[in-house]
Amino acid sequence: MIHTARRFHDLLEPICLVTFFADECNEELAALGHGNYWDGYFASRAAPLGRVPAEVVHAAFYNFGDGEAARHIPGAWEKIPPEESVAARERGSAASVRRIVGDLADSPGLVRAADLTTKAATSAPVVGRVMYAGMRTLPIPADPVARLWHSATMLREHRGDGHIAALVGAGIGGIEAHVLSALEMGIHPPESHGRIHHLPKKRLKAAMDGLRERGIVDAEGWFTDAGRELKQRVEDLTDELAAPPYEALSPAEQDELVAVLEPISAKLVAAGSQ
């Protein structure tokens, strides 16, 4: 099941990424009145949690710098109700998927993919899964394209909650996690990674110094052997914790879902979610 969880992550992630990289979602959120990308991001992703304070959003998202959530929450909700933001995110994301996959949007394969993905996405326990639990409170869309995106996003948040648990267990903070991901992607120095390069230099230095002191990175800022092994343990545990939803599918259903997702995912990957 660990390998199954990784396989489905690879197939479903391109469906989710349209939210962040394609135009339609940003356009929908801007039309509501969100002044910039990050206002819309924080407002729409956190909306399933309700009107929680910035501290809760910061804790649930985990990998943003101190104060980043507070620059957008609750300000982003003062004029735009959370319900409107999350609905705009769904509309825009589904429109992106529909545009990119073309004729597949109206195919029986996509309908089946939506049905099986939804079966998996609604079958996992919510205990300890804050972001996933929030998504589970939202209604399941009737439109197959929207339902596929929605259910893929539920599974993404479920996996993300488990990834945070794995990071916490390994003693890796949110900013440190970005450093390790940057190194895994071959980005050096890791502080130049786009997700963290804007943070105060003092904060980045503290993260790197802490990783060096623990023997996770070396003096030049590259992985040590121990650091690479730690990163792999985190990823393996993430896969293990992401497996339960797919246990709701029979082996035949799992194989069928792979088959119907592959052409959809391939089109999204080829488009770069643009």
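Student: What volume does the largest pocket have?

Tutor: First, the general idea. On a 1 Å grid over the protein atoms alone, a pocket is an open set of points with protein on both sides within 12 Å along at least five of seven lines. Grid points are joined across faces, edges and corners, and the volume is the space filled by probe spheres set on the points. Here, the largest pocket comes to about 1,400 Å³. Keep in mind that this is a predicted model, where local features need pLDDT of at least 70, side-chain atom pairs count only at pLDDT 80 or more, and totals for chains, interfaces and linings use all residues. Residues are numbered from 1 along each chain as its sequence is written, and side-chain values use heavy atoms, with hydrogens and water left out.

Student: Which residues lie nearest the centre of the largest pocket?

Tutor: A lining residue has an atom within 4 Å of a point. The largest pocket has 37 of them, with Glu-13, Asn-63, Arg-156, Ser-181 and Arg-195 nearest its centre. Two or more lining residues come from each of helix 1, helix 3, helix 4 (54-61), helix 8, helix 9 (174-184) and helix 11 (225-242). Helices here are DSSP runs (H or I, at least four residues), numbered from the N terminus. Helix 8 has the largest share of this lining, eight residues.

Student: How do the residues of that lining divide by class?

Tutor: Ala, Val, Leu, Ile, Met, Phe, Trp, Tyr, Cys and Pro count as nonpolar, Asp, Glu, Lys and Arg as charged, and the others, Gly among them, as polar. For the largest pocket that gives 16 nonpolar, nine polar and twelve charged residues.

Student: And how many cavities are there?

Tutor: A cavity is a set of points where a 1.4 Å probe fits but cannot get out. This model has three cavities of 30 Å³ or more. The largest cavity holds about 110 Å³ of space. Its lining has 13 residues, and His-9, Leu-155, Arg-156, Arg-159 and Tyr-246 lie nearest its centre. Helix 1 (2-21) and helix 8 (144-170) are the elements that give two or more residues to that lining. By class, the lining of the largest cavity has eight nonpolar, two polar and three charged residues.

Student: Which residues line the second largest cavity?

Tutor: That cavity holds about 70 Å³ of space. Its lining is made up of Cys-16, Thr-19, Phe-20, Arg-45, Arg-89, Trp-149, Thr-153, Arg-156 and Glu-157. Helix 8 gives the most, with four residues.

Student: How many salt bridges does the structure hold?

Tutor: The total is 19. Among them is Arg-7 with Glu-262, at 2.5 Å from N to O. Arg-7 sits in helix 1 and Glu-262 in helix 12 (residues 251-271), so this pair ties together parts 255 residues apart in sequence. Arg-7 is partly exposed at 35%, and Glu-262 is partly exposed at 37%. Glu-68 and Arg-71 also form a salt bridge, at 3.8 Å from N to O. In that pair Glu-68 is buried at 10%, whereas Arg-71 is exposed at 56%. Salt bridges with shared partners also join Arg-6, Arg-159, Glu-184, Lys-231, Glu-235 and Asp-239 into one network.

Student: Last one: how many disulfides does the structure hold?

Tutor: A disulfide is a pair of cysteine sulfur atoms within 2.5 Å. The structure has zero. Take Cys-16: the closest cysteine sulfur, in Cys-25, is 12 Å from its own, so the two are too far apart for a bond. Cys-16 is buried, with a relative accessible area of 2%, and Cys-25 is buried at 2%.

Notes:
Salt bridge = Lys/Arg side-chain N within 4 Å of Asp/Glu carboxyl O. Buried < 20%, exposed > 50% of the residue type's maximum accessible area, 1.4 Å probe, protein only.
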